[in-house]
Amino acid sequence: MRRFSWFNATSLTLGFAFLYLPMLILIIYSFNGGRNVAIWAGFSTKWYGELFRDQAFLDAAWVTLRVGLMSSTLATILGTMAAYVIVRGGRFKGRTVMSGMLYAPIVMPEVITGLSLLLLFIAIGLDRGLVTIVLAHTTFTMCFVSVVVSSRLVTFDQSLEEAALDLGCTPWDAFFSVTLPIIAPAVISGWLLAFTLSLDDLVLASFVSGPSSTTLPIKIFSAVRLGVSPKINALSTIMIAIVAFGVITASLINKRSVTKRLKDEQEAAAS
Amino acid sequence: MNYRRLFLIGVPYVWLLALFLVPFIIVLKISLSDIALAIPPYTPTLHLSDGWEGLKDFFSKLDFDNFLFLKSDPLYWKAYVSSLQIAILSTTITLLVGYPIAYGMARAPEEWRATLMMLVILPFWTSFLIRVYSWMGILGKEGFLNSALMWLGIVDEPLTILNTNTAVYIGIVYTYLPFMILPIYAALEKLDVSLLEAAEDLGCTRTTAFWLVTLPLSRPGIVAGCFLVFIPVIGEFVIPSLLGGSNTLMIGKILFEEFSSNRDWPVASAVAVLLLLIVVVPIVLFQRSQERQAEAQK
């Protein structure tokens, strides 16, 4: 590669400062003792204490977590099925419609998806609550899962599956003992993506949630509409910490497995 | 067709049909109906059991009043134009900010690149809402930026940035920057360095080599990045409502307000249909360019 110039170094430094400074300021000021957000009034963890004493936030967090777990699991099952059918299903009637329906929610503005789901739930008389949020999130996130899983399915060697079938596996056995273990990393990252999208979603949830089922993003949004609040800074810091921990751990595990595989291959080649 | 195959195809198919396509048709329908029919309890007026007569009755009741209303009220018109303006300008700024970063990443030593990639992806996993919110504390009248500028003596009184369109631009560039960086980086990383060496051997300066070789070869990344920013920004709702002011008109925000405060569902549905018509054009163009790209690589 060519020389790494001063221009490159400057643009990288400024770029990453721009990406990370706002979050860094948010984290630092969540430990601010005073109520005024811009004036430093000594280190304190009092906003964290207040956050954990606020029942409304804890309830919202619990709702968000349950919705996230349920919808991402459902979305992973449905998305994997859809990906399998699209990549391996051969030709069938309505294949184009199906791949269109799998692609559209990804690019469709969320306000439209939210409004249309709300109108559906009203039309069929389904009360808005936890169930409707789970249905909305599953529909939205299964499309992302199917994108992730099908990109893995495309590259994977179909003859392995055929060999299993030749050796007497039933199609189910072949799927669970050959295909699934191979595509497992993609299925897991699909699940994580679905879970993160569900935890983060404000727009769909605002349309389809009822009064008894406020999610964390809805709660945060209504709190920050009125201005900056130190309690929300504390909550944001916790959420940023969880995500950073998850992403860094995942990439370390991934790196280790890649190095291990390379090492194994080298040893196999040497022997 | 065996049962296993039917089950595999049927379950996701029916799910998407029921929770994506049908709701969408309902929106189309409500956008064409009177407010009296569409407020809760909303009753669909199309009864398939009535057969042809029902269908004829249904179509005779459709009206385009909601769309005419959108046309007559300048608010909507202005909101469409300003959404497009904001989307175009912010995509351009994001490109100008993102390109040097992607370029720097592609030039960085090999062993840094994985870490740099992760640093770009990490914000993407962090809550969108929180990333937008983090700017509220920076841009406000008593915010971090104003305090810093006043302390440095650059300004005498705080600047009004929060609740203006400037804040919306900053918010968009900040939150969508990874979408711009990643495709451009992917294109630049694949670039064959010997082409640049050849250009310089043939008498190009480094700058002309950049304009004649690097930039044209990174075009697929630029195109993909611009679409990935432009398409979601048009319908954006969170950024204009948190960082924008009352005079920031964006169609996603209008739709949400029409639905939540005015409870005017037919008009909200009509706004949604028109928003979709606007977004469809860039989506189709993007699809086409991606397909062409895939074919070129074969």
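What distance should the 29 residues of helix α1 (residues 3–31) of chain B span at 1.5 Å a residue, and how far apart are its end C-alpha atoms? The helix should span 42 Å, and its end C-alpha atoms are 40 Å apart, which agrees. The expected span of a helix is taken as 1.5 Å times one less than its number of residues. Helices (H or I, at least four residues) and strands (E, at least two) are DSSP runs, numbered from the N terminus. Helix α1(B) bends by about 35 degrees at Leu17(B), the bend being the angle between axes fitted to the seven residues ending at a residue and the seven starting there.

The structure is a predicted model, in which local features need pLDDT of at least 70 and side-chain atom pairs count only at pLDDT 80 or more, while totals for chains, interfaces and linings use all residues. Residues are numbered from 1 along each chain as its sequence is written, chains are lettered from A and ligands numbered from 1 in the order in which they are written, and side-chain values use heavy atoms, with hydrogens and water left out.

Chain B contains 15 helices and zero strands. Of its 298 residues, 50% count as buried; buried means under 20% relative accessible area, exposed over 50%, and partly exposed in between (1.4 Å probe, protein chains only). Among contacts (heavy atoms within 4.5 Å) in chain B between residues at least 6 apart in sequence, 73% join residues at least 24 apart. Helix α7 (residues 128–139) of chain B, with 12 residues, reaches 17 Å from its first C-alpha to its last, close to the 16 Å expected at 1.5 Å a residue. This helix is mostly covered, with 11 of its 12 residues buried. Among them are Phe128(B), Arg131(B), Tyr133(B) and Trp135(B).

The two chains meet through 84 residues of chain A and 85 residues of chain B. Chain A and chain B bury about 8,000 Å² between them, 80% of it on carbon and sulfur atoms. Buried area here is the accessible area (1.4 Å probe) that two parts lose on being put together, summed over both. Between chain A and chain B there are zero salt bridges, a salt bridge being a side-chain nitrogen of Lys or Arg within 4 Å of a carboxyl oxygen of Asp or Glu. Tyr20(A), in helix α1 (residues 6–29) of chain A, is in contact with Leu119(B), Leu122(B) and Pro123(B), leaving aside its neighbours within four places in sequence. Tyr20(A) counts as partly exposed, at 23% relative accessibility.

The largest nonpolar core has 155 residues, and those with the most contacts inside it are Phe207(A) and Val238(B). Such a core is a set of buried Ala, Val, Leu, Ile, Met, Phe, Trp, Tyr and Cys residues joined through side-chain atoms within 4.5 Å. Not counting residues up to four places away in sequence, Phe207(A) touches residues of chain A including Val111(A), Leu115(A) and Arg128(A), together with Leu255(B), Phe256(B) and Phe259(B). Ser209(A) is found in the loop between α9 (203–208) and α10 (216–224) of chain A. With neighbours within four places left aside, Ser209(A) is in contact with Arg128(A), Ile133(A) and Ile218(A). Ser209(A) is buried, because its relative accessible area is 12%.

Over all chains, four salt bridges are found. One of them joins the side chains of Asp54(A) and Lys231(A) (3.0 Å, N to O). Asp54(A) lies in the loop between α2 (46–53) and α3 (55–88) of chain A and Lys231(A) in helix α11 (residues 230–270) of chain A, so the pair ties together parts that are 177 residues apart in sequence. Asp54(A) counts as buried at 18% relative accessibility. Glu161(A) and Arg88(A) also meet in a salt bridge (3.5 Å, N to O). This pair links distant parts of the chain, with Glu161(A) in helix α7 (residues 158–166) of chain A and Arg88(A) in helix α3 of chain A, 73 residues apart. Both Glu161(A) and Arg88(A) are buried.

In chain B, Arg113(B) forms a salt bridge with Glu110(B), the closest N and O atoms being 3.6 Å apart. Both lie in helix α6 (residues 110–125) of chain B, three residues apart, about one turn of the helix. Arg113(B) is buried at 8% relative accessibility, whereas Glu110(B) is exposed at 60%. Glu110(B), Arg113(B) and Glu189(B) are linked in a network of salt bridges.
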